[in-house]
Structure formats: C-alpha cells, structure tokens
Amino acid sequence: MRQLFLLLFLFSVTTATAQKTTETGMYLISFKDKKGTTFAVDRPEEFLSERSLSRRAAHNAPVTEADLPLSPEHLDRVLETGANLWLKSKWMNAVVVAAAGPQVKALRKLRFVSDVELVAPVQYDRASVLPVVPDLTRPAPVVDTVPVEKRFYGYGWDNLSHMKGDSLHRWGFRGKGVLVAVFDGGFPNVNYKDFLGYRDAATVPANYDVVEQDGTALDGSTHGATVLSTMAANHPFFYIGTAPEATYVLFKTENSKGEHRLEELNYVVALELADSIGVDVVNSSLGYTTFSFKNMDYKYKDLDGKTSPASRAITTAFERGIIVVTSAGNSGSDDWKYVGIPADSPEAFSIGALNKDGSKAYFSSFGPTSDGRTKPDVSALGVEVAAVAANGRGITAANGTSLASPLVAGLMACLRQAVPEATNRELLDAIRATADQAEKPDNERGYGMPDFAAAYRRLMAAGK
C-alpha cells in the first residue's frame with residue numbers, strides 16, 4: 001500500500017471490485033526489445049543531461065541499452081490499437097496505457113509485446129503531457145547564511161544536531177551544488193519566498209506531476225510540503241532545514257484515487273526522469289505493501305529487492321550513481337510489521353524512526369528482508385519532528401519514518417557536497433560504519449543513528 005507515513009491506516013476494497021476492471025483499465029505493456037529506436041549508447045547527450053553524464057562518469061557507470069528511449073515504431077503500433085499512451089519507461093522497456101477490452105486483446109497480439117498486466121482502473125483516459133526539462137545551468141539559489149547555532153536555526157536545530165549535522169554546516173557543507181529529488185503525494189502552498197524562505201525560485205527549478213500530468217506538482221497532498229521543509233526551509237531564527245543550500249526538484253508520484261500498482265510505475269518513471277536531469281540524491285517518504293485490489297497485494301516473500309519494479313528501479317538508479325533515501329515504513333505495530341517496498345531494495349538507504357532518546361519508535365517497521373538482509377539501514381528522529389506547517393504559517397510536530405527519511409536525505413546532500421570524489425556506495429558505507437550501533441546492527445534500528453561528522457572524518461581519512 002502507498003503510505004504517506006504521517007498517517008497510519010489501511011485502505012482496502014473487495015476482490016470483487018477488482019474483477020470489474022479486468023477488461024478496461026490502466027495496463028502495463030512490456031516490450032521484448034527496443035528495435036527501431038533512433039537513439040544510440042554512443043550519443044547519450046541526446047537523451048541525458050550533462051549533469052547526468054558527469055555523475056555516471058564519476059561512478060564509472062556506462063550508458064547501456066536500458067537507458068535508450070523506447071522504439072517509436074513500437075509506440076506507433078500501440079497507439080494504432082486505440083489505447084491512450086500514459087507513461088513510458090525506458091528502464092522497464094514498457095508503457096502504461098488506458099485501454100478497453102478490445103484494445104487489450106489487440107495489444108496482446110502485437111509481436112513485440114511480452115506481457116500485458118492490469119495495474120489500475122482507468123484513471124486518466126487521455127493522452128499524457130511530456131514533462132518540460134528544467135534549465136539546471138542557471139545560478140544556484142541565493143541563501144542567507146547565519147551562524148550555525150541553535151538560536152539562529154530555530155525549530156530546525158534538533159533535527160540537525162541529533163546526527164551531528166551541525167558540524168557539517170559549520171564546515172561550510174549545507175548542500176550547495178547538490179540536486180535533490182523529492183518523491184511524494186504533492187506539494188501545495190510551496191512558494192519559494194514564504195514557505196521555503198528564499199529570494200527566488202532557483203532553489204526549486206522544476207516540479208513534475210507524474211500522476212496527473214497536468215503541468216504542476218504544487219497541489220495534492222500536503223505531506224510532500226511537510227517533508228520538503230525539513231530539508232529545504234531557510235528561515236533564520238525560525239526554522240532552517242538540514243540542507244538549505246541544495247537545489248530541489250519535486251515529483252508527485254502518489255495518487256489519491258486509490259492504491260494500485262500504477263503508483264510503483266509512477267515511481268520508476270520519476271526515477272528515470274531524475275536520472276536524466278542529473279539528480280544526486282532522492283528522498284522518497286513512500287511505501288507499498290497492500291492495494292485496493294487484493295490480488296495486487298505483496299507478501300513477505302516479495303521483500304527480496306527483485307520483485308517490485310520500484311525496488312528494481314532503485315538498484316538501476318544506484319548503479320548510475322544516485323543515492324535513494326527512503327522511509328522504512330510505519331508498520332512496526334501492525335500485523336505486517338516489516339519494512340515496505342521499495343525499502344527492501346538492497347541499494348535503498350532505508351530509514352527507521354527513533355524517539356527523542358534514541359530508542360526505536362513503536363511504529364517503525366522491522367527488518368529483515370525476505371532474503372535475510374538487515375533493514376532498516378539506519379534510523380533517525382521520527383517522533384515529534386519539527387517541520388514547517390503545510391500552510392507555511394507556523395510549525396508542526398509530526399511522527400513517522402516519513403520525517404526521519406528527509407532528515408537523513410538532507411544531510412546526505414551535505415555529505416555529497418563535502419566529499420564529491422566519493423562514490424555513492426562509499427558514502428553509504430561510511431555512514432553505516434560510524435552509526436551508533438555499527439558493531440551490532442539489528443532489524444529494529446539497523447546500524448543505528450548516523451553521525452555525519454564521523455562519517456565525513458572517515459571519508460577524509462580514507463583519502464576521499
């Protein structure tokens with residue numbers, strides 16, 4: 001189930017409802033190949049930004065056929081069936097379409113189609129809108145700096161100091177030059193001056209609505225705005241986030257119309273877009289286990305990092321140099337108990353929630369994954385976390401791994417700035433190795449609470 005982890009609830013409908021949509025719905029159409037694509041791996045500048053290529057080069061990550069855009073010949077044949085094209089995924093070599101029964105039958109007969117899978121009822125029976133690629137070459141946001149002290153950082157101080165992030169800030173590492181993507185259910189009221197505290201819009205150069213594809217992600221659930229504020233807000237004497245000098249790109253991937261596998265595909269497409277524009281760090285305070293159609297539900301055995309398309313996409317993104325920080329889940333006191341998807345990915349940096357005294361929050365999900373890997377990776381403050389109120393006019397205190405995750409993601413951006421020569425794996429290994437229970441990791445707190453100052457020193461000692 002999609003979980004906007006400030007809220008702890010389950011939502012379900014009967015399997016009978018699911019059966020009504022087996023003929024008409026949103027379908028994932030998987031292709032056998034990319035025969036006919038007009039792109040080539042030796043011309044990556046045609047479909048990947050300079051930032052993306054630079055990040056890949058730093059990680060010795062070659063451009064592969066998986067990165068190539070889809071075959072236009074295949075797309076034309078899909079459209080000829082009368083289906084409406086909704087999403088395109090180059091990593092999955094697949095599309096999502098809105099299709100009725102006869103169109104579904106025609107799609108199954110196409111020689112280059114390997115699979116047709118229902119992923120949601122029809123939600124948007126219209127053509128999609130291509131996203132506008134942002135100009136990321138313009139100057140970084142103008143940030144008013146203040147001394148790194150509690151009275152200047154206001155309500156954001158505890159979030160920062162719990163993980164020794166104040167040391168990174170004192171050393172001048174506040175995320176400058178790092179591009180952070182935030183995946184969530186919407187970002188209403190996020191105007192740059194009032195909500196985030198910046199002079200202009202340069203701090204958030206773009207936003208994408210993968211769900212509705214209507215041109216803006218600055219609507220929908222207020223959850224995303226709350227999450228964003230813990231990293232990006234810069235209101236001296238009131239609230240400063242964990243990475244106030246980073247640049248942010250916002251993605252709406254969660255749909256309020258119900259819980260369906262389509263949301264995972266939104267996640268995959270958002271990761272592909274994030275990769276193509278050169279994102280360094282992703283925060284996703286999201287998770288999936290159960291859905292509106294019970295036959296779509298995941299089981300514990302599926303927490304292997306290989307079953308979910310979103311989990312597999314994180315591995316693909318990591319191979320290309322991206323760090324994906326994600327909430328572990330709020331099911332610790334539920335029957336499910338375990339981390340959600342995509343926190344099960346071996347390359348997802350999954351974050352549990354702690355009480356103010358450092359103990360595990362009762363709701364924070366447990367590991368291990370079904371194949372025995374320790375989860376969460378680390379844990380951070382997740383109870384009574386101070387954040388800017390969704391209307392931008394005050395402070396709220398919120399609970400959940402949704403809040404623990406962006407606190408870590410913001411400091412990850414600071415560490416990325418501090419040690420630009422280190423690979424994403426080296427950064428994560430250093431954080432695990434210096435967390436407060438690194439010697440005895442468990443499936444409640446993972447490797448424990450991070451110490452970002454210690455992680456930085458470890459990387460420096462290693463010559464990074």
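## Terms and basis

Contact here means heavy atoms within 4.5 Å. Helices (H or I, at least four residues) and strands (E, at least two) are DSSP runs, numbered from the N terminus. This is a predicted model, in which local features need pLDDT of at least 70 and side-chain atom pairs count only at pLDDT 80 or more, while totals for chains, interfaces and linings use all residues. Residues are numbered from 1 along each chain as its sequence is written, and side-chain values use heavy atoms, with hydrogens and water left out.

## Helices α2 and α10

R51, S52, R55 and R56 of α2 are in contact with D275, S276 and I277 of α10. Sorted by class, this contact holds one nonpolar, two polar and four charged residues. Ala, Val, Leu, Ile, Met, Phe, Trp, Tyr, Cys and Pro count as nonpolar, Asp, Glu, Lys and Arg as charged, and the others, Gly among them, as polar.

Two packed helices are described by the angle between their axes and the distance between the axes. For α2 (residues 50–58) and α10 (residues 262–277), the angle is about 90 degrees and the axes are 5 Å apart. That makes α2 roughly perpendicular to α10. Angles under 35 degrees count as roughly parallel, over 145 as roughly antiparallel, 65 to 115 as roughly perpendicular and the rest as oblique. Axes are lines fitted to C-alpha atoms, for helices over the stretch in contact, and angles run from 0 to 180 degrees between N-to-C directions.

## The four-stranded sheet

Four strands make an open sheet in the order β2-β3-β1-β4, and their pairing is antiparallel. Two strands pair if DSSP finds at least two bridges between them. At the edges are β2 (84–89) and β4, each pairing on one side only. Neighbouring strands of this sheet are turned by 25 degrees against each other on average, direction ignored.

Within the sheet, β1 and β3 are joined in the antiparallel sense over six bridges. Y27 has V97 in β3 as its bridge partner. Helix α4 packs on this sheet and touches β1, β3 and β4, its direction making about 150 degrees with that of β3. Helix α10 also packs on the sheet, touching β1, β2, β3 and β4, and its direction makes about 55 degrees with that of β2.

Helix α4 spans residues 101–109, and its residues G101, V104 and L107 are buried (under 20% relative accessible area; exposed is over 50% and partly exposed lies in between, with a 1.4 Å probe and protein chains only). Seen down the axis of α4, the buried residues fall within an arc of 115 degrees, so they line one face of the helix. The arc is that of the directions from the helix axis to the C-beta atoms.

These buried residues pack against β1 (25–31), α3 (72–80), β3 (94–99) and β4 (113–120). On the other side of α4, P102, K105 and K109 are exposed.

## The seven-stranded sheet

A second open sheet has seven strands in the order β6-β9-β5-β10-β11-β12-β13, with parallel pairing. β6 (206–209) and β13 (378–381) stand at the edges with a single partner strand each, so one side of each has no neighbour in the sheet. The twist averages 25 degrees from one strand to the next. Helix α12 (residues 401–418) packs on the sheet and touches β5, β10, β11, β12 (349–354) and β13.

Strand β10 (residues 281–284) is covered on both faces, with V281 and N283 buried on one side and V282 and S284 on the other. It pairs over four bridges in the parallel sense with β5 (residues 179–184), where A181 has V282 as its partner. β10 also pairs in the parallel sense over four bridges with β11 (residues 323–327), and the partner of N283 there is V325.
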